[in-house]
Amino acid sequence: MRPETTDRSASVIRASDVLDLLQRLQPAEPLFCVDEMLLDQRARVVLATFDGDICHDLLVNPHPRILASLAQAGIRRFAISGPADLARLDQLAEPIIPLLRQPINSRHDLQVMARRGVRVFAIDHLDGLAKLHDEVGFDELEVEIMVPASLIRQPCEASDRLHDQAVGAMLRASRAYGFSTSIAICPGVSSGSDIAAALAYGRSLAQRSGIALTAINLGSAEIRPGGETIEQLCTAASAHAARLGLATTRLRLDTSRAVVDSSCSVVVQVLLRKPDAIYLNDGRFGWLHSLDRRLRRDGPAPRLRRLNGTPSGATRSFHVFGPTCDSWDAFETAMELPADVREGDWIEIAAMGADTLPWACAFNGLHPDLCAVIAPRAETGRTSHAAVPITHLPSSTASAQP
């Protein structure tokens with residue numbers, strides 16, 4: 001059920017953890033949970049260990065509580081996809097610097113974003129650079145020329161050499177237009193060696209072109225199972241930049257997934273149990289879009305939550321299906337659960353902060369939108385968390401695509 005009130009967005013429940021939340025709310029709909037204390041801690045860690053600008057991408061998670069917590073922790077740079085994202089940033093109390101990460105834009109959107117204060121634009125083609133110059137000009141404007149991740153190592157294939165030439169051409173054109181120029185590694189880095197290669201390529205590019213780069217955006221920090229932690233990546237970036245003499249070049253790093261993912265979970269309910277399969281009240285068209293990838297990685301296992309009784313100690317694998325009749329609403333990777341899982345049980349899936357909310361759509365009328373915030377009862381220092389709101393996502397948050 002939902003909280004009984006005429007104003008759903010004003011409903012409040014205290015929840016010290018997910019089990020406490022389920023006992024009080026007993027939701028019949030999927031529930032997105034945010035641990036704001038953990039989110040705050042993760043954000044402050046990367047800010048303290050990275051000598052540069054930490055960014056959050058709204059495409060990873062645009063929820064207003066997430067954005068507010070990150071801004072309160074000290075993150076000021078937010079990557080946007082277009083003018084619609086600026087409305088979400090307008091709600092933040094702290095001063096924010098938006099960076100446009102989408103290189104393909106209409107002329108109208110470029111004009112709107114420039115009027116709204118966007119001064120950093122992503123570019124991946126000479127024609128896009130010319131369009132930006134025509135519509136926006138160059139007053140205090142910075143362009144981030146997108147560099148494929150394959151190029152950060154020594155170019156060897158013909159395609160790499162062509163990409164390197166294209167990057168050089170955009171760099172020279174940017175200087176001719178009067179822009180401040182940076183590069184952005186796409187999609188990003190996942191190891192210290194990636195970071196070292198990216199910074200070395202940036203230094204080489206600047207030396208070959210005779211242009212001082214304003215910044216090197218390392219892109220998204222992708223944390224691999226068994227790989228380096230986000231703290232290690234941040235420390236490596238600072239150390240490699242100092243070793244390469246890049247003191248005058250600003251570093252940027254998108255830590256969206258590393259910070260947000262572990263701070264959120266999705267709680268779903270079992271609608272039907274078959275001998276070797278379970279059907280959930282959320283699926284591919286909702287927050288579980290990336291469930292296959294998450295089940296395959298070495299992360300926290302899904303946890304069965306039963307309020308009345310104790311689950312079996314024996315486990316088995318179950319095929320997982322969403323609530324719709326669409327054949328795509330099924331998952332390739334099985335889920336290991338107590339063997340006696342039954343209708344009405346809830347399943348908490350951890351590490352679901354990234355690439356979940358933006359993918360949800362209203363297909364089959366089942367758009368999930370119920371969100372809660374988890375906070376310890378005796379929390380100190382951030383008293384605004386004492387009451388935990390159950391909110392509904394604004395309709396603009398959901399993607400129109402499945």
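**Setting values against rules**

Student: Why is Phe363 called partly exposed?

Tutor: Its relative accessibility is 33%. Buried means under 20% relative accessible area and exposed means over 50%, with partly exposed in between (1.4 Å probe, protein chains only). Phe363 at 33% sits in between, so partly exposed is the label.

Student: Before we go on, what am I looking at?

Tutor: This is a predicted model, in which local features need pLDDT of at least 70 and side-chain atom pairs count only at pLDDT 80 or more, while totals for chains, interfaces and linings use all residues. Residues are numbered from 1 along each chain as its sequence is written, and side-chain values use heavy atoms, with hydrogens and water left out.

Student: What makes Arg77 and Asp53 a salt bridge?

Tutor: The rule asks for a side-chain nitrogen of Lys or Arg within 4 Å of a carboxyl oxygen of Asp or Glu. The closest N and O atoms of Arg77 and Asp53 are 3.3 Å apart, so the pair meets the rule. Arg77 is in strand E4 (residues 77-80) and Asp53 in strand E3 (residues 53-57), so this pair links distant parts of the chain, 24 residues apart. Helices (H or I, at least four residues) and strands (E, at least two) are DSSP runs, numbered from the N terminus.

Student: How many salt bridges does the structure hold?

Tutor: The structure holds 23 salt bridges. One of them joins Asp261 and Arg294, whose side chains meet at 3.0 Å, N to O. That pair links distant parts of the chain: Asp261 is in the loop between helix H10 (256-260) and strand E12 (264-274), and Arg294 is in helix H11 (residues 291-296), 33 residues away. With a relative accessible area of 10%, Asp261 is buried, and Arg294 counts as buried at 7%.

Student: How many aromatic pairs does a search find?

Tutor: A search of the whole structure finds five. Take Tyr279 and Phe321: the ring centres are 4.8 Å apart and the planes are at 15 degrees, so the pair is stacked. Tyr279 is in strand E13 (residues 277-280) and Phe321 in strand E15 (residues 315-321), so they tie together parts that are 42 residues apart in sequence. The rule pairs rings of Phe, Tyr and Trp (its six-membered ring) if their centres lie within 6.5 Å; planes under 30 degrees apart count as stacked, over 60 as edge-to-face and the rest as tilted.

Student: What are the labels of Tyr279 and Phe321 for accessibility?

Tutor: Tyr279, at 22%, counts as partly exposed, and so does Phe321, at 27%.

Student: Why are Phe285 and Phe363 called stacked?

Tutor: Their ring centres are 4.1 Å apart and their planes are at 25 degrees, so the pair meets the rule for stacking. It links distant parts of the chain, 78 residues apart: Phe285 is in the loop between E13 and H11, and Phe363 is in the loop between strand E17 (346-350) and strand E18 (370-374). Phe285 is buried, at 7%. Ring pairs link Phe285, Trp328 and Phe363 into a cluster.

Student: How many disulfides does the rule count?

Tutor: The count comes to zero. A disulfide is a pair of cysteine sulfur atoms within 2.5 Å. The closest cysteine sulfur to that of Cys33 is in Cys371, 8.4 Å away, which is too far for a bond. Cys33 counts as buried, at 2%, whereas Cys325 is exposed, with 77%.
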